[in-house]
Amino acid sequence: MARGQPRWSEEPWTSLQNRTQSKTKIKLTRCGKITLIILMTVVAAVVIGLIAYFAACGKAPFYYHASFKVNNIDYDSKFAKPYSQEYMDLNKKIVSLMNETFHESNLRKQYVKSHTVQVSKANGKVVLHVVLKFKACYSNNVEKFWDSVETILYQKLKGQTGLLIDFSSFKFSDIAMPIAEDLLNTCCGRRTITPLGHKVAGGQDAEEGEWPWQASLQQNSVHRCGATLISNNWLITAAHCFIRDANPKDWKVSFGLLLNKPQAQRTVKNIIIHENYSYPAHDNDIALVRLSSPVLFASNIRRACLPEGTHKFPPNSDVVVTGWGTLKSDGESPNILQKGRVKIIDNKTCNSGKAYGGVIKPGMLCAGFLEGRVDACQGDSGGPLVSEDSNGIWFLVGIVSWGDECALPNKPGVYTRVTYYRDWIASKTGV
């Protein structure tokens, strides 16, 4: 890759070769046969148990929405930010209350989880909106089960909970599964699993649900760029991804771990490129993609948190870059999402003569290692560079933009700095 070349994909994606496994014949001894019989007996017992379970509890889960005003909690604007300490403390308190409520009830075996999906304001006090999930068995009568959940919750709230409930505000209703799951997974920057490898250029496979905000921008079913989900409707990516084609009708978005087996797909409604972006310059390399229809959040499709404009990501901080880009310069593109841990490099160092010689602007940031090793590469353009805070929440730090080849010494990856464009993002998306 020539110096300063954007990291987008110009070649069609090629899948990895399937690995063949050698077939080994095993001669069973008498002990081996006995072991096999025991194993088959255990498997049969497990299967019978599963059949019995699903025969009784194979229905779709029950979901409910409860809301109520709390007169002894003053509303704080920070409750609107799901990554704020104020919101997390309040949610922890409410979830603990719900857990206690139903674990002590006759519904303990069917209660799954709860989550505070919204905190609204009424006369200066908070109104809590909570979604609850329960396993459903065929023996359950829908109306009776609803009544049981509502009664148990109402009676608990009337007791000594530390909350001064305005019972005239109490509302309880069921809620459809897709919407409920969307709400249960609406918190930004959360993921269901936490393993971490070390390479993008060089290849380290991600796992299902590990980076649930990652998306693929595609033309004619060919991966071109990465993108980051920031709401049900909006993604952030790099402006240079659209220098040859900015027609929304020519683009699709896929979500999931594998390019050839997406978890979900959407068409594109419109593309917003920063007004001051002008190829081949790298300044203002940021664009927004609006989906034609919203994607519902799930355990493996979630949004990354957007940092405030004042949020600081110090030099030498650990960050992670992900994408389906090539594993080395002009190399092969993987089918499975890749991940890599790198470090933020301060602009002064990155602008030094041995690095990029003064071309790094305030709206850019560098990440990688001066000795090389790990880096984004071709096809990773537009994808996320994320950072985890002390609460385990992941924020979008940068957007893969450009670099001098991939993983070269003194040539770390260059990213669009998200905090620098925070107001612009909000003005276009409301996020």
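1. Annotated site. In this predicted model, the unreviewed UniProt entry places the feature "active site" at His240, Asp285 and Ser381. These residues are spread over 142 residues of sequence. In space they cluster, with a largest C-alpha distance of 10.2 Å. The annotation comes from the record and may be inferred rather than shown by experiment.

2. Asp285. This residue sits in the loop between S10 and S11. Its relative accessible area is 2%, under the 20% cut-off, so Asp285 counts as buried. Its contacts, leaving out residues up to four places away in sequence, are Thr237, Ala238, Ala239, His240, Tyr277, Ser401 and Thr416. His240 in that list also carries the "active site" feature in UniProt. There is a polar pairing to check as well: the backbone nitrogen of Ala239 lies 2.8 Å from a polar atom of the Asp285 side chain.

3. Ser381. This one is also in a loop, between strand S14 (364-368) and strand S15 (384-388). Ser381 is buried because its relative accessibility is 0%.

4. S10 (residues 264-273) pairs with S9 (residues 252-255) in the antiparallel sense, over 4 bridges. Phe255 stands opposite Ala264 of S10. S10 also pairs with S11 (residues 287-291), again antiparallel, over 5 bridges. Here Asn270 faces Arg290 of S11 across the pairing.

5. Main core. Which residues have the most contacts inside the largest nonpolar core? They are Met98, Phe102, Leu132, Phe134 and Leu385, in a core of 52 residues. Helix H2 (residues 85-103) gives the most to this core, with 7 residues. Domain 1 (62-184) and domain 2 (202-430) both contribute, so the core lies between them. Nonpolar side chains tend to be buried together in soluble globular proteins.

6. Ala264 is the residue opposite Phe255 in the strand pairing.

7. Ser221. Is this serine buried or exposed? Ser221 counts as exposed because its relative accessibility is 67%, over the 50% cut-off. Ser221 lies in the loop between strand S6 (214-219) and strand S7 (222-229). Asn260 is 39 residues away in sequence, yet the C-alpha to C-alpha distance from Ser221 is 9.1 Å.

Key. Residues are numbered from 1 along each chain as its sequence is written. This is a predicted model: local features need pLDDT of at least 70, side-chain atom pairs count only at pLDDT 80 or more; totals for chains, interfaces and linings use all residues. Side-chain values use heavy atoms; hydrogens and water are left out. Two strands pair if DSSP finds at least two bridges between them. Helices (H or I, at least four residues) and strands (E, at least two) are DSSP runs, numbered from the N terminus. A nonpolar core is a set of buried Ala, Val, Leu, Ile, Met, Phe, Trp, Tyr and Cys residues joined through side-chain atoms within 4.5 Å. Buried means under 20% relative accessible area, exposed over 50%, partly exposed in between (1.4 Å probe, protein chains only). Domain bounds come from an automatic or database domain assignment. Contact means heavy atoms within 4.5 Å. A polar contact is a pair of N or O atoms within 3.5 Å; within protein, one must be able to donate a hydrogen and the other to accept it, and residues adjacent in sequence count only if both atoms are side-chain atoms.
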